[in-house]
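Here is a short report on one protein chain.

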Amino acid sequence: MKAYVLNKVGPADVLKISDVDSRPVGTNEVRVRIESIGLNYAEIQSRKGLYGWAPKRPYIPGMEAFGKIEAIGDGVSDIEIGTPVIVVGQFGCYAEEVVVPVSQILPAFENFSPAENAAFAVQFMTAWVALFEIGRIRASDRVLIQAAAGGVGTAAVQLAKALGCEVFGTASQDSKLDLIGKLGIDHPINYRTTDFVEVIREKTGGEGVDVVLEVVGGEIFRKSLEILNPFGRLVVIGFASLNLNKLNPFSWWKTWQDIPRVKIDAMATASQVVGASHLGYLLKDTERMLRIWNDLSTYTIENRLRPVVGHEFQFEELAEAHRLMESRNSHGKIVVHI
Ligand SMILES: NC(=O)c1ccc[n+]([C@@H]2O[C@H](COP(=O)([O-])OP(=O)(O)OC[C@H]3O[C@@H](n4cnc5c(N)ncnc54)[C@H](OP(=O)(O)O)[C@@H]3O)[C@@H](O)[C@H]2O)c1
């Protein structure tokens, strides 16, 4: 089969297609013939050698995909060959096929296209866990979503709006603000050209927000804490702005400065909660993952939500898709078709 094998870290050019032997299907495993791959920012960071959860090289990157069941191992009884499924994992999906434990297979949505099915799981589950499980959002909350036009961002905007929250969202370009405006966001803010803290203070009559979904780090994290109300919850799920260059000592210092940190005594004085989450832990906790998946998929169907597929590429163009995501010019989810 054809696959992208990451042999060394570096720029997008290190992504090259190779021929790889198919892996036999083991007990409690299935093989999925992949049709569409969903890209995630963590894969950019893994390719650069900046992602702690990445496996040891060489490995095939790719955390999620849509495809059909092609082979079933011993112990798997409740799924048939040809069933359309979503694959969620840590790696392996930049390929024509992937073998995974059956626990990493989720049912595809009947009314979604292949691209939408490949675009859903990681980003909607991440946004759901951050907002509902950790952030405990309620309909009366004011919610701030950083990088709101991205994959996780567009999922989070839709989830919070469907509950009835007043939603603020930031992005770095006006064209991205148009997109989140179409998703029904109340207050789109360009955080490159304006100070989002000032804008929020103005729009809330000097108050702040009750929940923040933070994915950027550095100054954006510090200011997010500044705008958080007492009893507010700030959930960190990413650090998109961190760009460590191991050969540049200045970048070590900058990365150290920009990693989100809090002082618990200051949190106590302000009565704020700061939390964080990582989807990787869910893969180890099948029971919790299934409960979250059931809650999320029911909510998605009831509220007629769909992922925003912003860009589509062919398999041979995967390096180009990485460049686009890294450039900060993408919106919604990037999907690569085989
Ligand atoms: N904890 C978890 O389990 C988990 C799971 C999935 C994703 N994440 C995190 O969630 C975030 C979003 O992931 P995603 O896959 O949906 O990506 P994405 O939001 O589609 O793309 C990343 C976005 O980050 C923003 N950004 C801000 N500063 C940046 C910088 N210096 N360089 C590049 N981008 C910057 C950009 O939007 P603007 O240009 O509009 O600022 C960019 O479009 C990432 O931080 C990712 O690591 C965490």
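Two residues are in contact if their C-beta atoms, placed from the backbone, lie within 7 Å. By that test, residues 24 or more positions apart account for 64% of the contacts with a separation of 6 or more. The model is predicted.

**Overall build**

The protein holds eleven helices and 15 strands. Its radius of gyration is 20 Å, close to the 20 Å that the globule rule gives for 338 residues, so the protein is as compact as a globular protein of that length. The C-alpha trace spans about 60 × 50 × 40 Å along its principal axes. Of the 338 residues, 44% count as buried.

**Two domains**

The domain assignment gives domain 1 and domain 2. Domain 1 is written in two pieces, 2-119 and 307-337. Domain 2 covers 121-280. Their centres, taken over C-alpha atoms, are separated by 27 Å. Domain 1 puts 17 residues into the contact, and domain 2 puts in 15 residues.

**The core**

The largest nonpolar core has 91 residues. Val-87, Ala-127, Leu-131, Ala-156 and Leu-213 have the most contacts inside this core. Helix H2 (residues 114-134) gives the most to it, with 13 residues. The core also draws at least three residues from each of domain 1 and domain 2.

Which residues does Ala-156 touch, leaving aside its neighbours within four places in sequence? They are Ala-127, Leu-131, Ile-145 and Leu-213. Ala-127, Leu-131 and Leu-213 are also among the residues with the most contacts inside the core.

**Strand S15 and its partners**

Strand S15 (residues 333-337) is mostly covered. Four of its five residues are buried. S15 pairs with S3 and with S14, as the table shows.

| Partner of S15 | Residues | Sense | Bridges | Facing residues |
|---|---|---|---|---|
| Strand S3 | 29-38 | antiparallel | three | Ser-36 and His-337 |
| Strand S14 | 309-314 | parallel | five | Val-309 and Lys-333 |

The chain gets from S14 to S15 by way of helix H11 (residues 318-326). This β-α-β crossover is right-handed.

To recap, S15 runs antiparallel to S3 and parallel to S14.

Notes: Residues numbered from 1 in each chain as written. Predicted model: local features only at pLDDT ≥ 70, side-chain atom pairs only at ≥ 80, totals over all residues. Core = buried A, V, L, I, M, F, W, Y, C linked by C-beta atoms within 7 Å. Buried ≥ 20, exposed ≤ 12 C-beta atoms within 10 Å, placed from the backbone. Helix = DSSP H or I, 4+ residues; strand = E, 2+ residues; numbered from the N terminus. Domains from an automatic or database assignment. Pairing = 2+ DSSP bridges. Right-handed = clockwise from strand over helix to strand, strands pointing away. Rg over C-alpha atoms; globule rule 2.2 N^0.38 Å.
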